[in-house]
Amino acid sequence: MSRCLHRSPQGGERIGPVNLTLNALFHSDPVFAGGGGTFDDGVFGGHRALFLRNDHGLELGGGASVSPAFPPVPGTALSTKLKRRVFANLDLAPDLGARIGTLTWYRGVATCIGLCALTFLMAPGFETPIYGTVAPALTGTELDAARAQAIAPLAKGATTGYRVAATSLVAPLTDTPERPMIEGTAKLAFGEGLVAVLQRTGVGKADATQVGQLISSAMPLGDIQSTLLDYQLGRRPEKSQPRPLEKLEMRAAFDKRMEITRVGSTLNLKVIPIAIDNTPLRVQGAIGSSLYRSARAAGAPAKAVESYIRTLATRMSVARLDSDCKFDIIVKQARAATGEVQLGNLLYAGVSGCDEKLQLMPWESDGKIEWFDGLGKGNKTGMMAMPTNGRFSSAFGMRRHPILGYTRMHKGIDIAAPWGTPVYAATDGVVQFAGRSSGYGNFIKLNHGGAFGTGYGHLSRIVVRSGQAVRKGQVIGAVGNTGMSTGPHLHYELYKNGVAVNPRSVAFSSLRQLTGSDLGAFRSKLGQLLSVPVGRGAQQDED
Ligand SMILES: [Zn+2]
C-alpha cells in the first residue's frame, strides 16, 4: 500500500478546511467509497484526495491501507483512543545518534539488528541467483499444436492449421479437368533469352520461336527494356501438348508497347506507340533556411537537387546564398501517356532574385561537356591532380643539391615513390617533349594550353609520344631513378609563361569562353530552356 508514501510530516494536524472541501468532493468517488471502510471518518478520505489522483485503481482504496504510523484524529472511536494511550510514546525507530546508552537507544539498536538479521535470513544470498521462470521448449504434439497456430513466413512453407491425413474415404483422382486458360506474368532474367523464358512458362517451342522472330523483326531483342511479359495460354486438345499462346503483351520500351495475338494458327504482332511528353521539369522557389529542403519541398528530385548544389558550388559559395535568393532547377523529363515519368540529368541551374545571379547550362565544346554561364563563360578547371602517389620529399626553392653538393635552385618538387609507380598527367594537355634530358633523365613535358606546362623527371618509363594529347589523370610514365637522382622519385615542375613556379603554390584555374556561332547556339538553347514554365509545361524539348 502506498499510503505511507503520501504521508505528510505533519500528518493529520495539517488537515484544514480546504481538505474538508476536497473530502466532500471525493467522498462519493467509487474508488474511495469502495475500499475506504476502515477510515473512521471522511477526513482521511479527504486527506488522501490531496495526494492521490482519482484515476488510481481500486487497489489503492483497499481496507488494509490503514497505516499505524498515521497519527489518529482526535475525538473518534474507542480503539483509536486505546492505541493512542499505549503507543503514544512508543517510538519504534528512535534516532540512534541521540541519547546513546538509554533503554530506548538499546531497544532501537535491537530493533535495527533484528530487522537486518531478518532481511539477511530471508535473502537468497549473493551466490544464489534468483531465476525467472523460462517455459520449457515445446516438443511432440505440443509443438505441432503450437506450430499449427503460428504464423510462418512464406519462405518457410507458411502452412498453418491442422492437417488431416487421408483416410480410406479419400479416393485419388485419375484425371483432373484443366483450367481453360492460364494467365500470368513471366520475367525476363538477366542473360536469359526471350525464347527460353517463354518456354519456361509453358509456351510451346514453335510458338516461342515464332514470337522471338516477330519481336526481333520489330526491334533487337537486346533493346527490350521491360522485363515483364504478360501472357495468356489457351486450351489445348491434349495434355501431352503444350498450350497454345493466345496473347503476349509487354512494354518493350518507354515509348513502345508490343502485343502478340493469335489469329487462327498464326501469331500477329502489333507495335503500339506510347505518346511521350519531353517537356523538362522546372522547379523554382525561395532558398529559405535550407536550399536542399526547400528544393525538395518544391518537388525537385533528390538527385537533381544534389547535382544542382554541386554545379552551383563550382561558381559560388552555396552556403552563403541569401535566403531570399530563388533557386531555378530544370531537369530532363519524359512523361509517358500511360503515366510513367522518367527523370534525367540536370539541364539548367540558376539563382535569381538576389544580388548573386547565376545561370548555368551544360554545353558541349571541343568534345567535352562543361557548364557555361549565361555569358558563355566556362567552368573553372579543377586543381591539378597529384602527378603520382607518394610523399613530398623535397620542396621547391634554394637547396643544397644532394649530388652536386652546392646550393642551387630546385625548380620543382620531389615526390618519393617506389620504382615503377604510375605517373599521371596533372591536367589535360599535349605532350611537348618525351625523352632523355641530361640531368632530368627520362623526362616528359606537357603543355596545358595558355601559359601553363608541367614537367616530370627521373622517369623509369615513358608511355606517351611527343605531340600526343593526354587527359587529366592519364598514365604517362612511371617513377624511376634516371638522370641525376639519388633514389626513385618523381621530380615535378610547373611552368607559368615558361618560368618554373612552385607547383604547390599555384592552383590551376582557367576560364573558357564560348565565342561566335558556338555562343549563339548556346544562348538560343538557354533561352529555349528558360521559357519552360514552372511545373508541368507544354513546350516540347528539342530531343
Ligand atoms: Zn627534384
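How do strand β3 (residues 245–253) and strand β4 (residues 256–263) pair, and over how many bridges? They pair in the antiparallel sense, over five bridges. E249, for instance, stands opposite E259 in β4.

Okay, some ground rules. What we have here is a predicted model, where local features need pLDDT of at least 70 and side-chain atom pairs count only at pLDDT 80 or more, while totals for chains, interfaces and linings use all residues. Residues are numbered from 1 along each chain as its sequence is written.

As for words: helices (H or I, at least four residues) and strands (E, at least two) are DSSP runs, numbered from the N terminus. Two strands pair if DSSP finds at least two bridges between them. By that count, the protein has eleven helices and 23 strands.

Back to β3 and β4. They belong to an open sheet of five strands, in the order β1-β2-β3-β4-β5, with antiparallel pairing. At the edges sit β1 (182–187) and β5 (266–273), each pairing on one side only. From one strand to the next, the twist averages 15 degrees. Angles here run from 0 to 180 degrees between N-to-C directions, with axes as lines fitted to C-alpha atoms, for helices over the stretch in contact. Contact means that the C-beta atoms of two residues, placed from the backbone, lie within 7 Å. Helix α8 (residues 205–218) lies across β3, β4 and β5, at about 35 degrees to β5.

Next, a hairpin. Strands β17 (residues 429–436) and β18 (residues 442–447) run antiparallel, joined by six bridges, and R436 has N442 as its bridge partner in β18. Five residues lie between the two strands, and S438 in the turn has a positive phi of about 30 degrees. β17 also has two bridges to strand β20 (residues 469–470), again antiparallel, with V430 opposite A469.

Now the inside. A residue counts as buried if 20 or more other C-beta atoms lie within 10 Å of its own, exposed if 12 or fewer, and partly exposed in between, with C-beta atoms placed from the backbone. Buried residues make up 21% of the 543 residues. A nonpolar core is a set of buried Ala, Val, Leu, Ile, Met, Phe, Trp, Tyr and Cys residues joined through C-beta atoms within 7 Å.

The largest such core has 25 residues, and among those with the most contacts inside it are A295, Y308 and L346. Elements giving it two or more residues include α9 (291–297), α10 (302–313) and β10 (358–365), but β9 gives the most, with five. Leaving aside neighbours within four places in sequence, L346 is in contact with A304, S307, Y308, T311, I329 and V331. There's a second, separate core of 23 residues, which includes M384 and V479.

Is E340 buried or exposed? It's exposed, because it has 12 other C-beta atoms within 10 Å. You'll find E340 in the loop between β8 (326–336) and β9 (341–352). E340 and F254 are 86 residues apart in sequence, yet 8.4 Å apart in space, C-alpha to C-alpha.

Last, confidence. pLDDT is the predictor's confidence in each residue, from 0 to 100. The protein averages 77, and 79% of the residues score at least 70. Confidence is highest in β18, at 94, and lowest in helix α1 (residues 17–26), at a mean of 38. Where pLDDT is low, the predicted coordinates should not be read in detail.
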